[in-house]
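Let's walk through a few residues and see what surrounds them. Keep the structure open as you read.

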Amino acid sequence: MKKPFLILCLAFNLFLVKHAQSVEYLKSTDAIKTHSEDVMKYFVQQDYTNMFKLLRKYWVLSEHEIDDFETKTIKQFGMAIVRFGNAIGYKFIKDKKISDVVLNKNYILQCEYYYIRASFIYYKNNEGWRLVSFSWDDKADEMLE
């Protein structure tokens with residue numbers, strides 16, 4: 001019983017390593033800005049296929065985790081539209097950073113009746129920047145000053 005489980009764990013780890021190696025790097029903060037704004041444009045259009053295709057290109061999560069998040073986004077955003085109204089645009093709010101290693105870009109997705117916060121976190125290693133987190137929620141009040 002232990003041997004098949006161990007083999008399954010090793011295979012899964014190899015899959016994760018292979019995915020992480022196939023993820024591309026962004027080379028500059030200008031490229032990060034372009035990436036995050038392109039994602040937001042697709043978000044406004046509710047074009048989840050292209051939105052998640054673009055996120056996958058630089059995101060270090062496994063394909064399974066991204067697929068799961070995409071499915072949840074489609075379902076939950078469908079419910080949010082009923083309450084918040086259709087998306088009508090987006091606005092950049094602010095960047096937060098830790099030295100030149102972590103960059104958090106924050107946007108609001110403007111809807112007819114309310115707004116949604118979208119947060120991107122990028123991490124820089126010796127090869128460039130990778131997306132380590134993308135999330136959206138209705139807690140944009142945390143960004144108010």
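A polar contact here is a pair of N or O atoms within 3.5 Å; within protein, one must be able to donate a hydrogen and the other to accept it, and residues adjacent in sequence count only if both atoms are side-chain atoms. This is a predicted model, where local features need pLDDT of at least 70, side-chain atom pairs count only at pLDDT 80 or more, and totals for chains, interfaces and linings use all residues. Residues are numbered from 1 along each chain as its sequence is written, and side-chain values use heavy atoms, with hydrogens and water left out.

Start with Arg130, in strand β4 (residues 128-137); strands (E, at least two residues) and helices (H or I, at least four) are DSSP runs, numbered from the N terminus. A polar atom of the Arg130 side chain sits 3.0 Å from the backbone oxygen of Val23. Arg130 is buried but has no salt bridge, and Glu127, the nearest side chain of opposite charge, is 6.1 Å off. Buried means under 20% relative accessible area, exposed over 50%, partly exposed in between (1.4 Å probe, protein chains only). A salt bridge needs a side-chain nitrogen of Lys or Arg within 4 Å of a carboxyl oxygen of Asp or Glu.

Lys27 counts as exposed because its relative accessibility is 63%. Its side chain reaches the backbone oxygen of Glu127 at 2.7 Å, although Lys27 and Glu127 are 100 residues apart along the chain.

Now hop to Ser36, in helix α2 (residues 29-45). Ser36 is buried, since its relative accessible area is 0%.

Note on methods. Lys, Arg positive; Asp, Glu negative; His and termini not counted.
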